[in-house]
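Here are a few exercises to work through with the model open beside you. Try each task before reading its solution.

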Amino acid sequence: GGSWGWSSSETLTTLAAGIISVSVFIRTETRVQHPMLDLSMFRIRAFTAGNLAGLFSFIAIFCNVILLPFYLATVHHLTPSQIGLVITPFPLAMGLIAPVSGHLSDRISNVRLTTAGLGMVTVALFFISRFNAGTGITTVAFMQAMMGFGNGLFQSPNNNSVISSVPREKTGVAGGIGALMRNVGMVTGTAMSVTIFQAVKKSSSASVIGAFLRGYNAAVLTGAIFAACGVVICLNRKGYAKST
């Protein structure tokens, strides 16, 4: 789209081919005896809600993950080693809280844990979308830690709720679909954020840094919107099966 133009015949043809391919795939999967993707499982409300929330969470997170290093390099002129240190609080916080969250998911409502976790991700992304040239590195690192904490708080109970919502003999399939949703979320978040970043940046008449910040802020704000949609899903899902 960025190279051909979003209204060009090449882009529209490619999009149409993608839509048709997905439609044919879904139709085929509902008719074969042993489908690659058991779409009947999406009739389970808790399963569908958990996967959608997970999909939106990864779309949201990767809107920040893919562009943050460029923000730190372009705006703050950090070296690769320094960028790695600033980003470290995200996986560190997630790694620390995820096991605790998984343990709590057997004792506390998954709705509360997932809503609180994805809510923190939403708030963190909103503040990240307000970053400018004067934002301190400490603030950047703190927001990464907050987002990692929220993501860790969300992922374990969300996965628990998805797996526990299906019959025991379907848990392997449910795990595979969950992995598919994660990968689709990562790819979608990456493609969408870069597209928004480039489009806003090119349309801006500000300085190089100013145009970069406008594109970056718009892309991350879009991620915050997806995370907020995930919060709404978490608040409204029902029919959880009790974990054992």
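Predicted model: local features only at pLDDT ≥ 70, side-chain atom pairs only at ≥ 80, totals over all residues.

**Exercise 1: H6 against H9**

Determine whether H6 is roughly parallel or roughly antiparallel to H9, and describe the contact of H6 with H9 by residue class.

*Solution.* Begin with the geometry: the axes of H6 and H9 are 8 Å apart, and the packing angle is about 165°. An angle over 145 degrees counts as roughly antiparallel, and therefore H6 is roughly antiparallel to H9. The crossing of H6 past H9 is left-handed. Now look at who takes part: the H6 side includes Leu 118, Val 121, Leu 125 and Ile 128, while Tyr 216, Val 220 and Leu 221 are among the residues on the H9 side. Counting by class, the contact of H6 with H9 divides into 15 nonpolar and 7 polar residues, with no charged ones.

**Exercise 2: H8 against H9**

Describe how helix H8 (residues 171-203) meets helix H9 (residues 208-236), and find the class make-up of their contact.

*Solution.* First, the geometry: H8 and H9 pack at an angle of about 145°, and their axes lie 8 Å apart. H8 passes H9 in a right-handed crossing. Second, the partners: from H8 come Met 192, Ser 193, Ile 196, Phe 197, Val 200 and Lys 201, and the residues they meet in H9 include Phe 212, Arg 214, Tyr 216 and Phe 226. Third, the classes: the contact of H8 with H9 has 10 nonpolar, 3 polar and 2 charged residues.

**Exercise 3: the largest nonpolar core**

Which residues touch the most other members of the largest nonpolar core, and which helix gives the largest share of this core?

*Solution.* The core has 49 residues, and those touching the most other members are Tyr 71, Leu 72, Leu 125, Ile 128 and Tyr 216. Several helices each supply at least two residues of this core, among them helix H2 (45-65), helix H3 (68-74) and helix H7 (137-164). The largest share, 10 residues, comes from H9.

**Exercise 4: buried or exposed?**

Decide whether Asn 151 is buried or exposed, and do likewise for His 77.

*Solution.* Asn 151 sits in helix H7. Its relative accessibility is 3%, so Asn 151 counts as buried. Not counting residues up to four places away in sequence, Asn 151 touches Ile 61, Phe 90, Met 94, Gly 117 and Val 121. His 77 lies in the loop between H3 and H4, and with a relative accessible area of 62%, His 77 is exposed. One more detail to check: the phi of His 77 is near 55°, a positive value in a residue other than glycine. Most residues other than glycine have a negative phi.

Technical notes
Residues numbered from 1 in each chain as written. Heavy atoms only, no water. Axes fitted to C-alpha atoms, helices over the stretch in contact; angles between N-to-C directions. Helix = DSSP H or I, 4+ residues; strand = E, 2+ residues; numbered from the N terminus. Left-handed = near helix turned anticlockwise from the far one by under 90°. Contact = heavy atoms within 4.5 Å. Nonpolar A, V, L, I, M, F, W, Y, C, P; charged D, E, K, R; others polar. Core = buried A, V, L, I, M, F, W, Y, C linked by side-chain atoms within 4.5 Å. Buried < 20%, exposed > 50% of the residue type's maximum accessible area, 1.4 Å probe, protein only. Parallel < 35°, antiparallel > 145°, perpendicular 65-115°, else oblique.
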